[in-house]
Amino acid sequence: MNKFLIILMMLVGMTLNASAQRYQRYSPAPDMYMFGVSFSVSDSTVYFTEIKQVANTSIERGTGFLYSRNSYSNQLQQYIKSTSASNYTSVVCYAQKRGKLEKKFSKMRQKYQKKNFVVKYIDSAFKFSPVTYKEQEEE
C-alpha cells in the first residue's frame, strides 16, 4: 500500500511539474498598435503621438494585457521631459487592430478639444521601443 501511494504521489508531482513548465504567462504578440497621450494638471496642453506599429511585444495570456505597459508610458514621459520643462503624466493606449485604436484615438482627441485643451502632436522622431517578456524575469 505504501509503495502504491509513493508511486502515485510521484506521478502526480511529475505531471504538475510538466504542466507548469509548459505554461507561460506571456506570449509573443504579432504586432501591436499604440499611441500615447501626455498631459499635465497645471498646463492646458495635451500631447498626442501618432499611432505607431510596434513589433516584438508580449501579451498576457487570458487577459490580453500588454506586457510592461508602464515601460511604454515611461518612454513617452522621458521624451516629453526632454523636450519641455513641465512634468507630464503619460498614458499609452494599445490594440492589436489598428481600426479599433483609431476610434479610441479620435475619441480621446475630441474629448480634449471639446474641453478647450491645446492639442499638440509629437513629431515622428519619437518611437516606442519594444519591451519583450523574458522567462527568467518571473523566476
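Predicted model: local features only at pLDDT ≥ 70, side-chain atom pairs only at ≥ 80, totals over all residues.
Residues are numbered from 1 along each chain as its sequence is written, and side-chain values use heavy atoms, leaving out hydrogens and water. Local features need pLDDT of at least 70, side-chain atom pairs count only at pLDDT 80 or more, and totals for chains, interfaces and linings use all residues.

**View 1. Helix H2 from end to end.** Helices (H or I, at least four residues) and strands (E, at least two) are DSSP runs, numbered from the N terminus.

View 2. Tyr72, Ser73, Gln75, Leu76 and Ile80 are buried (under 20% relative accessible area; exposed is over 50%, partly exposed in between, with a 1.4 Å probe and protein chains only). The buried residues of H2 fall within an arc of 155° seen down the axis, so they line one face of the helix; the arc is taken from the directions from the helix axis to the C-beta atoms. Turned away from that buried side are the exposed Asn70 and Ser82.

**View 3. Strand S2 and its partners.** In S2 (31-39), which the buried residues of H2 pack against, seven of nine residues are buried. Strands pair if DSSP finds at least two bridges between them. Phe39 has bridge partners Thr89 in S6 and Val46 in S3.

Key:
Contact = heavy atoms within 4.5 Å.
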